[in-house]
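Reader: I am new to reading models like this one. Could you take me through it and back up each word you use?

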Amino acid sequence: VAKLEEKLRSDRNDPAALINLGTAYARLGRADQALRMYNAAVASDQRYELELGDGRWMDSRDAAMRAREKLVSAMALAARR
C-alpha cells in the first residue's frame with residue numbers, strides 16, 4: 001500500500017497504480033477507499049493496456065470498471081448477511 005500511495009504522489013492519474021491500490025484497499029477491508037481508487041482510474045485521462053492476473057490484456061478503464069463492479073457486488077452481498 002505504501003509503495004502504491006507513493007507512486008500516486010508523483011502521478012495521481014496512473015490507472016494501473018489506482019487499480020492496484022484499490023485492490024489492496026479492498027483486500028484490507030477498506031472498501032470505501034477501494035471504490036474511490038477504482039472511480040479515479042475510470043475517470044483518468046490516461047489509458048493503456050494492462051495485463052491482468054490471469055494473463056489476459058484489457059484496457060485500463062475497462063479493468064477499473066470490472067474491479068469496481070466486483071467490489072460493489074461484494075459490498076451488496078455483505079450488506080445482506
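Reader: Which residues of α3 are buried?

Author: In α3, the buried residues are A34, M37, Y38, A41 and V42. Buried means under 20% relative accessible area, exposed means over 50%, and partly exposed lies in between (1.4 Å probe, protein chains only). A note on the source: this is a predicted model, where local features need pLDDT of at least 70, side-chain atom pairs count only at pLDDT 80 or more, and totals for chains, interfaces and linings use all residues. Residues are numbered from 1 along each chain as its sequence is written, and side-chain values use heavy atoms, with hydrogens and water left out.

Reader: Which exposed residues does the face turned away from the buried side of α3 carry?

Author: That face of α3 carries D32 and A43, both exposed.

Reader: What do the buried residues of α3 pack against?

Author: They pack against α1 (2-10), α2 (15-27) and α4 (60-80). Contact here means heavy atoms within 4.5 Å.

Reader: What makes the reach of α3 close to the expected one?

Author: Helix α3 covers residues 31-43, which is 13 residues. Helices are DSSP runs of H or I with at least four residues, strands are runs of E with at least two, and both are numbered from the N terminus. The expected span is 1.5 Å times one less than the number of residues. For α3 that expectation is 18 Å, and its first and last C-alpha are 18 Å apart. Helix α2 has 13 residues too, and it reaches 18 Å against an expected 18 Å.

Reader: Why is Y25 called buried?

Author: Y25 lies in helix α2. Its relative accessible area is 5%, so Y25 falls under the buried limit. Beyond its neighbours within four places in sequence, Y25 is in contact with V1, E5, R30, Q33, A34 and M37.

Reader: What makes R27 exposed?

Author: R27 is also found in helix α2. At 73% relative accessibility, it is over the exposed limit, so R27 counts as exposed.

Reader: Is E51 buried or exposed, and how do you know?

Author: E51 lies in strand β1. E51 has a relative accessible area of 51%, so it is exposed. Not counting residues up to four places away in sequence, E51 touches R56 and W57.

Reader: What is the volume of the largest pocket, and what makes it a pocket?

Author: Its volume is about 520 Å³. On a 1 Å grid over the protein atoms alone, a pocket is an open set of points with protein on both sides within 12 Å along at least five of seven lines, and lining residues have an atom within 4 Å of a point; a cavity instead is a set where a 1.4 Å probe fits but cannot get out. Of the 17 lining residues, I19, T23, Y38, A67 and K70 are closest to the centre.

Reader: Which element gives the largest share of that lining?

Author: Helix α2 does, with six residues.

Note on methods:
Grid points are joined across faces, edges and corners, and a volume is the space filled by probe spheres set on the points.
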